[in-house]
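Look at the backbone here.

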Amino acid sequence: MLIRTKPGLSYADVTPEAVYQDRRKFLRNAGLAAAAAFAGREFWELALPSSRAFAGTKLAGVSKSPLSTTETQNSYDDVTHYNNFYEFGVDKTDPARNAQTLKTDPWSVSIEGEVKKPHQITIEEILKLAPLEERIYRHRCVEAWSIVVPWIGYSFSALAKLVEPTEQAKYVAFESFYDRKQMPQAMYAGIDFPYVEGLRLDEAMNQLTLLCVGMYGETLPNQDGAPVRMVIPWKYGFKSAKSLVKIRFQKEQPPTTWNRLAPDEYGFYANVNPTVDHPRWSQAKERRLGDFFKRNTLMFNGYSDQVASLYASMDLRKYY
């Protein structure tokens, strides 16, 4: 049963409340961050031995994608130590410490629903289904921060072609892995699990929609959604479901976790739109992780040329 309560630490906490209220913890984390700025990735692996929860495996044969942004990408430390992954804790630094409990081998994803060829696909099959590309995407979080990441994967449409959606398929629903034993911190998150998300079929089939298996030349770390996740760069970050175990093609619009919990704050579409404020803060500006000054938020996160046509007949203030 869904209980409509706000989590004690909302998705909107850029500086988590627990860190803000605990001065010693705040100073300790600030000290680690400052030290990491000088010592780099090796510092994190020594100071936080469980932080790199999933030992990255180099991915061979990865080509550079022309769909990449030319903006400067964030560091590996940025992307692996500042995460929203409520199954492993609500503070941004929690997933790096806690996600070592996630077992990613063996792993498979069930593809079902309105498809001609339902399939239980293993991670090994996913890695070989289509040529891997590195796509450097910019991302905008609903909390008003942004990041640039060199993801590795291929367009989701390659997976869709494998199972052949029927004419009845209008939406694609995604479900993340959930196990209480592996994710004990989830009980404090204040949201329902397993985490669920969804796209319209035409959104899922857009060339930018990435089925992601790696980043920075390696397989995904646990805290970033190992071993396979979605990446949808023109939408707010919570749309990109992590650690996928089920993909369902269906006729009706699927429920999504944050829309179900707070429909007045998190719409189904979640397109980056600087003219539509979150009820509790503006979306007009953003701060790139690691930067001091804010910058203007771009419509569709700067991907208007590729995706604006998907919403040409829609009121984007109503369908947010």
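Where does Ala270 lie? Ala270 sits in the loop between helix 9 (257–261) and strand 12 (285–288). Helices (H or I, at least four residues) and strands (E, at least two) are DSSP runs, numbered from the N terminus. This is a predicted model, in which local features need pLDDT of at least 70, side-chain atom pairs count only at pLDDT 80 or more, and totals for chains, interfaces and linings use all residues. Residues are numbered from 1 along each chain as its sequence is written, and side-chain values use heavy atoms, with hydrogens and water left out.

Now check the backbone of Ala270. Its phi is positive, about 55°, although Ala270 is not a glycine. Ala270 is also buried, with a relative accessible area of 4%. Buried means under 20% relative accessible area, with a 1.4 Å probe and protein chains only.

Move on to Asn301. Asn301 is not a glycine, and its phi is positive, near 60°. The residue belongs to the loop between strand 13 (295–296) and helix 10 (304–307). Asn301 is buried, at a relative accessible area of 2%.

Next come the prolines. Which residue is joined to Pro194 by a cis peptide bond? That residue is Phe193, and omega is near 5°. Pro194 falls in the loop between strand 6 (171–176) and strand 7 (196–200).

Then look at Pro227. A cis peptide bond links Ala226 to Pro227, with omega about -5°. Pro227 is in the loop between strand 9 (218–219) and strand 10 (229–231).

Key. Buried means under 20% relative accessible area, exposed over 50%, partly exposed in between (1.4 Å probe, protein chains only).
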